[in-house]
Structure formats: structure tokens, C-alpha cells
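Please read them alongside the sequence and coordinates shown here.

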Amino acid sequence: MPRAKPPPPPATPDEIEQQFYEALQRADIESLMAVWSDDDEIVCVHPGGPRVVGAPAIRAAFEAIFANGAIAVRPDKVRRLQSMNCAVHSVLERIEIPTDEGTQTAWVVATNVYVKSGGAWAMAAHHASPGSPREVQDIAEAGSTIH
């Protein structure tokens, strides 16, 4: 029987981000860690938590989170800034939390940073802060460019 080909690696920051959030939704630590860069200085900050640096520490932090099960999180209102080798996504994360009173919605404001090295994109940083329903509305002023 022929072997199935593994899927191609994610080719864009958007594909890496999709894999990251799908891994959170399945509590899949292997898929989650596969999105991260091999750099020693990768960093993750969970809402209200300390800065976690390096793959072993990030893995341990997510394993502790996954001990409580998968996270019903969906990225929303993604704002993107991208250059040749770096992409920054500002993401409003919508998290559904089951409670005795029914499902409640929590909001997290996250920044995901992706770097391109050796032709492949990978996550270099995920920084999440507690949010509130007011984050659903973007606050933006018309920009002015001074040259």
C-alpha cells in the first residue's frame, strides 16, 4: 500500500496562524509546537501571566493549559502587517467558556509575530492580554503621513 504524503508545511503566516488556533481547539500539543520557530528566543505571554521563553518552557505552559482540555478559541478581526521576512498579526480572540449559566464569551487581545527563515514561516511570539467586550470595536484614527 502506498504511503500517504505528509501535508505540505504552512506557506504563509495566515496558514501558521490557522494551525495554531486549530491546535488550541483540539488541545494538540504536537501541532501547536510545530508552528513555532526553532529559535531559542521564541516567547509567549498568556493573559496575566509571565513571559515564557524558549520551546521547552512554552510547551510546558501549553501542556498545563491543555490539562484542563481544549480551548474553544476563534481568531476574530485580524489586522496584518507584513514585510518580506516578518509578519505581525493583531488578533481579537473570542473564547467560548461553558458555565452553569450557559456559554459565556471572553475576549483576549493577542499579537502574533511570524518570521520567515530558510523559506519557511514560523511563529516567534504570541502575546495575549485580557480583553473585554469593548475590544470588539476597533478604535482607529485616520493616519497622517509626514514626509
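1. In this predicted model, the largest nonpolar core comprises 27 residues. The residues with the most contacts inside that core are F20, L24, L32, W36, I58 and F62.

2. Two or more residues of this core come from each of the elements α1, α2 (29–34), α3 (55–66), β4, β5 and β6. Helix α1 supplies the largest share, namely five residues. As a general point, nonpolar side chains in soluble globular proteins tend to be buried together.

3. L24 illustrates the packing at residue level. Leaving aside residues up to four places away in sequence, L24 touches L32, F62, F66, A70, I71 and V73. Of these partners, L32 and F62 are also listed among the core residues with the most contacts.

4. The strands form an open, six-stranded sheet with mixed pairing, in the order β2-β1-β6-β5-β4-β3. Its edges are β2 (51–53) and β3 (73–82), each of which pairs on one side only. On average, neighbouring strands of the sheet are turned by 25° against each other, with direction ignored.

5. Helix α1 (residues 13–26) packs on this sheet and touches β3, β4 (86–99), β5 (102–117) and β6 (120–130). The direction of α1 makes about 160° with that of β3.

6. Which way do β1 and β2 run relative to each other, parallel or antiparallel? They run antiparallel, and three bridges join β1 (residues 43–45) to β2. Within this pair, C44 has V52 of β2 as its bridge partner. In general, the strands of a sheet pair through backbone hydrogen bonds.

Terms used. Residues are numbered from 1 along each chain as its sequence is written. This is a predicted model: local features need pLDDT of at least 70, side-chain atom pairs count only at pLDDT 80 or more; totals for chains, interfaces and linings use all residues. Side-chain values use heavy atoms; hydrogens and water are left out. Two strands pair if DSSP finds at least two bridges between them. Helices (H or I, at least four residues) and strands (E, at least two) are DSSP runs, numbered from the N terminus. Axes are lines fitted to C-alpha atoms, for helices over the stretch in contact, and angles run from 0 to 180 degrees between N-to-C directions. Contact means heavy atoms within 4.5 Å. A nonpolar core is a set of buried Ala, Val, Leu, Ile, Met, Phe, Trp, Tyr and Cys residues joined through side-chain atoms within 4.5 Å. Buried means under 20% relative accessible area, exposed over 50%, partly exposed in between (1.4 Å probe, protein chains only).
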